[in-house]
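Morning, everyone. Please have the model up on your screens before I start.

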Amino acid sequence: MKAAFLYNFTRLVTWPNLGKTASPLEICVYGADPFGGLLDPIRGRQSQGRNLTLRYSDVTSDLSGCDVLYIDQSLTRGLQSLLDLANERNILTVSDLPDFARKGGMIGYVKQGNVIRFEINLKAADEAGLIINSRLLELAVEVMR
């Protein structure tokens, strides 16, 4: 479910440089890969007219070119500096870290019973120059403004 959400986020978020480039839309997984190959089928698909690519890294210097950054739960140290860097580079941040959206991340997965849902920190997205489609905002369990 988290992998499917990640793909749909690329369809419902607008980046400030979208109209200026035909470069691939890059999804970066930072830290351990919690998806176990579930993201592989989206490689090469299109979102907003851009081919999707995937990159896995655990080094912040590798984040150049990322449009979406999934931050693994194992990476709690240095989270604020990572979020600041992503904000400067107009990178959508997504994670299942507890209270991720409250801590300045943009989209945080939350578990409600056996269902995975998400919260959105609209203020963080606005500060990064990202526009989140109203349909996505309606699906969130909470939107922080």
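First, the ground rules. This is a predicted model, so I apply cut-offs: local features need pLDDT of at least 70, side-chain atom pairs count only at pLDDT 80 or more, and totals for chains, interfaces and linings use all residues. Residues are numbered from 1 along each chain as its sequence is written, and side-chain values use heavy atoms, with hydrogens and water left out.

Start with strand β6, residues 92-95. Helices (H or I, at least four residues) and strands (E, at least two) are DSSP runs, numbered from the N terminus. Are the faces of β6 covered or open? Both are covered. Leu92 and Val94 are buried on one side, Thr93 and Ser95 on the other. Buried means under 20% relative accessible area; exposed means over 50%; partly exposed is in between, with a 1.4 Å probe and protein chains only.

Now the partners of β6. Strands pair if DSSP finds at least two bridges between them. Strand β5, residues 68-71, runs parallel to β6, with four bridges.

Next, helix α2, residues 79-88. Together, β5, α2 and β6 make a right-handed β-α-β unit. Right-handed means this: with the strands pointing away from the viewer, the path from the first strand over the helix to the second runs clockwise.

Which residues of α2 are buried? Leu79, Leu82, Leu83 and Ala86. They sit on the same side of α2, because they cover an arc of only 100° around the axis. That arc is taken from the directions from the helix axis to the C-beta atoms. Here is the background: an α-helix has 3.6 residues a turn, so residues three or four places apart point the same way. On the other side of α2, Ser81 and Glu88 are exposed. What covers the buried residues? The cover includes β2 (25-30), β5 and β6. Contact here means heavy atoms within 4.5 Å. Just after α2, Asn90 takes a positive phi of about 60°.

On to the disulfide. A disulfide is a covalent bond between the sulfur atoms of two cysteines. The test is a pair of cysteine sulfur atoms within 2.5 Å. By that rule, the count is one. Cys28 and Cys66 form it, with their sulfur atoms 2.0 Å apart. It links distant parts of the chain: Cys28 is in strand β2, Cys66 is in the loop between β4 (50-57) and β5, and they are 38 residues apart. The torsion about the S-S bond of Cys28 and Cys66 is about -95°, so the disulfide is left-handed. Both Cys28 and Cys66 are buried.

Last, back to the two facing residues. Ser95, in β6, has a relative accessible area of 0%. Leaving aside neighbours within four places in sequence, Ser95 is in contact with residues including Tyr70, Ile71 and Phe100.

Gly108, in β7, counts as buried, at 2% relative accessibility. Not counting residues up to four places away in sequence, Gly108 touches Ser95, Phe100, Ala101, Arg117, Phe118 and Glu119. Take Phe118: ten residues from Gly108 in sequence, and 5.4 Å away, C-alpha to C-alpha.
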